[in-house]
Amino acid sequence: MANLLQEIEAQIEGLKVAPSRQNVGIIREIGDGVAKVEGLSDAMLNEMLDLGQGITGLALNLEETEVGVIVLGDYTKLQEGGEVRTTGKLLQVPVGEGLLGRVVNTLGEPVDGKGPIKSSVAYPVEKVAPGILHRQSVNQPVQTGIMAIDAMIPIGRGQRELIIGDRSTGKTTICIDTIINQAHLNSAAEAAGDKSYRPLYCIYVAIGQKQSGHFDSRGRWRNAVHHYRGLHCIRRGHRSISGAVCRRCDGRMVHGQRHGRVDCL
């Protein structure tokens, strides 16, 4: 018994408790996906905030006495008076090959029921793009699989191409057909053992659209190309976030903005 007491006393004496400082605020007002938080004196612009209940917020409006926060999740689970904590991290999402074939939301969290994303690297959403002189020249074509487009319009990897038109004119159809064509080309190169061919990974970004339509499109693509190994990434963007930044496999940045009804290829 004496030895046991001595061991306990030694452990207590060796215990070191370091005080930790956290910036904690309180939700003053919330509604329609927007919250106003008081007490966050050290919040940064575009910082990810922990709103509790597993919900993340984005600090967008920094005022003298309060912070305007966009709720990236179900705001109905939050109540006035709830605690909000800063994370010290700017808006970032996981990147890597672990996203291949997955469906994620705005924060890169899986919504397809296939478990967590296997990625240890996060990339900031807002980042200054490299200058023109530092970019690699466009020297490899992209085949859409549509003869009229491939014959008249040259499209290269790393090139930004806009598909502009009225509603129900087939803009999204062109993008989907291009994605399916890349699946055929990737599979053909893999079957032929072509080591020089670089697979083209495709990312589908849905902003300001209904979530039910995302899963309907995903089901159609799976039925069309069940062996597709490209990056099938559907991200549900908040209406206040006008763009999505995706990192290509060759290190370039592709920045797609939605203005009216524009699809980016």
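Glu 66 and Arg 28 join their side chains in a salt bridge, 2.6 Å from N to O. This pair ties together distant parts of the chain, with Glu 66 in strand 5 and Arg 28 in strand 1, 38 residues apart. A salt bridge here is a side-chain nitrogen of Lys or Arg within 4 Å of a carboxyl oxygen of Asp or Glu. Strands (E, at least two residues) are DSSP runs, numbered from the N terminus.

The model is predicted: local features need pLDDT of at least 70, side-chain atom pairs count only at pLDDT 80 or more, and totals for chains, interfaces and linings use all residues. Residues are numbered from 1 along each chain as its sequence is written, and side-chain values use heavy atoms, leaving out hydrogens and water.

### Salt bridges

The structure holds 5 salt bridges, including those in the table.

| Residues | N to O distance |
|---|---|
| Glu 66 and Arg 28 | 2.6 Å |
| Glu 83 and Arg 85 | 2.9 Å |
| Glu 29 and Arg 28 | 3.9 Å |

Arg 28, Glu 29, Glu 38 and Glu 66 are linked in a network of salt bridges. Buried means under 20% relative accessible area, exposed means over 50%, and partly exposed lies in between (1.4 Å probe, protein chains only). Glu 66 counts as buried because its relative accessibility is 10%. Arg 28 has 34% relative accessibility and therefore counts as partly exposed. Glu 29, at 37%, is also partly exposed. In the pair of Glu 83 and Arg 85, Glu 83 is partly exposed with a relative accessible area of 46%, and Arg 85 is partly exposed at 30%.

Strand 5 is mostly covered, with 7 of its 7 residues buried. In a regular strand, side chains alternate between the two faces of the sheet. From strand 5, Glu 66, Gly 68, Ile 70 and Leu 72 point one way, while Val 67, Val 69 and Val 71 point the other way.

Two strands pair if DSSP finds at least two bridges between them. Strand 2 pairs with strand 5 in the antiparallel sense over 5 bridges, and Lys 36 stands opposite Gly 68 of strand 5. Strand 4 also runs antiparallel to strand 5, joined to it by 6 bridges. Here Asn 61 has Gly 68 as its bridge partner in strand 5. A hairpin of 3 residues connects strand 4 to strand 5.

### Nonpolar cores

A nonpolar core is a set of buried Ala, Val, Leu, Ile, Met, Phe, Trp, Tyr and Cys residues joined through side-chain atoms within 4.5 Å. The largest such core has 15 residues, of which Leu 40, Leu 49, Leu 51, Val 69, Val 71, Leu 78 and Val 84 touch the most other members. Two or more residues each come from strand 1 (24–31), strand 2 (34–38), strand 3 (47–52), strand 4 (55–62) and strand 5 (66–72). Strand 5 gives the most, with 3 residues.

Which residues does Leu 51 touch, not counting those up to four places away in sequence? They are Thr 56, Gly 57, Val 69, Val 71, Leu 78, Glu 83 and Val 84, where contact means heavy atoms within 4.5 Å.

Terms used. Helix = DSSP H or I, 4+ residues; strand = E, 2+ residues; numbered from the N terminus.
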